[in-house]
Amino acid sequence: MHRFVVALCVLMLAALPVRAELSSEAAARLLQQEQGGLRGVRAAHFNGLLVPVSARARTGKITFDQRWLAAQPAAKGGKEWQCLAEALYFEARGETVKGQFAVAEVIMNRVDSPRFPNSVCGVVHQGTGRRHACQFSYTCDGKPDVIAERDAFQRVGKVARAMLSGAPRELTDGATHYHTTAVRPKWSRVFAQTASIGVHRFYRQFTRVSSN
């Protein structure tokens, strides 16, 4: 942050009209005054002046097909990317690209919801280790989480990277739950279904409105 302030001060001084009679002492005093003023500005304000590059700008328009996916560079990332990529591999690697993005939307929607943990890894592993409490079946089915299909993992890794980079969530209308067509959990009779993509059905949990 200090380097950013100094650099900004230098740029502001460079923008001033050049005056031959401006002494080095005067320039130093002016620099100190500018630094003092900028230190009083919250860092969040500076961050707000920076416009992030969106996932759409980096990857182009997402078309949810294999051609678009194949055109994306190989993906890698930190712990959050790893958790999301693994969840997509075990939960949706057999789905279409659109279906994989839809499952990823649910996970990201949960991260944003106060009802769930506020990180991807927290959402994916919520309840792991407690009988009938895990949110994603592969985390508590007793089977080792071995990634045997490397090509499939590379594909879902690209989906994970796009979602973590801010790809628009346009497929499930804010869904926070999903299930396959092979099962019908009790909550599916209560929550509002928002989409049906491939073998998955998507639902949004109702928001309770408190009454006074």
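You can find Ser113 in the loop between helix H7 (97-112) and H8. Although Ser113 and Thr176 are 63 residues apart along the chain, 8.5 Å separates their C-alpha atoms.

Before going on, a word about what you are looking at. This is a predicted model, in which local features need pLDDT of at least 70 and side-chain atom pairs count only at pLDDT 80 or more, while totals for chains, interfaces and linings use all residues. Residues are numbered from 1 along each chain as its sequence is written, and side-chain values use heavy atoms, with hydrogens and water left out.

Now step back to the whole chain. Its secondary structure comes to nine helices and three strands, where helices (H or I, at least four residues) and strands (E, at least two) are DSSP runs numbered from the N terminus. Reading from the N terminus on, the order is α-α-α-α-α-α-α-α-α-β-β-β. The protein chain has 212 residues, and 34% of them count as buried. Of the contacts (heavy atoms within 4.5 Å) with a separation of 6 or more, 65% come from residues 24 or more positions apart.

Among the buried residues of H6 are Trp81, Cys83, Leu84, Leu88, Tyr89 and Glu91. And what do the buried residues of H6 pack against? They meet H7, H8, H9, S1 and S3.

The structure holds one disulfide, a term used here for a pair of cysteine sulfur atoms within 2.5 Å. Cys83 and Cys121 form this bond, with their sulfur atoms 2.0 Å apart. Cys83 lies in helix H6 (residues 79-92) and Cys121 in helix H8 (residues 120-124), so the pair ties together parts that are 38 residues apart in sequence. The link of Cys83 and Cys121 is right-handed, with 100° about the S-S bond, and both cysteines are buried.

Rings of Phe, Tyr and Trp (its six-membered ring) pair if their centres lie within 6.5 Å; planes under 30 degrees apart count as stacked, over 60 as edge-to-face and the rest as tilted. By this rule there are ten aromatic pairs. Tyr89 and Phe153 form one that is edge-to-face, at 6.2 Å centre to centre and with 70° between the planes. Because Tyr89 lies in helix H6 and Phe153 in helix H9, this pair ties together parts that are 64 residues apart in sequence. Both Tyr89 and Phe153 are buried. Ring pairs also join them with Trp81, Phe90 and Tyr138 into a cluster.

Phe153 leads us into helix H9. This helix (residues 150-164) has 15 residues and reaches 21 Å from its first C-alpha to its last, close to the 21 Å expected. Besides Phe153, its buried residues include Ala152, Val156, Gly157, Lys158 and Met163. Just after H9, Gly166 takes a positive phi of about 100°.

Our last stop is strand S3 (residues 200-204), where His200 has its place. His200 has a relative accessibility of 3%, so this residue counts as buried. Which side chain makes a polar contact with the side chain of His200? The partner is Glu95, at 2.9 Å; a polar contact is a pair of N or O atoms within 3.5 Å, and within protein one must be able to donate a hydrogen and the other to accept it, with residues adjacent in sequence counting only if both atoms are side-chain atoms. Leaving aside neighbours within four places in sequence, His200 is also in contact with residues including Glu91, Val103, Tyr178 and Ala195.

Conventions: The expected span of a helix is 1.5 Å times one less than its number of residues. Buried means under 20% relative accessible area, exposed over 50%, partly exposed in between (1.4 Å probe, protein chains only).
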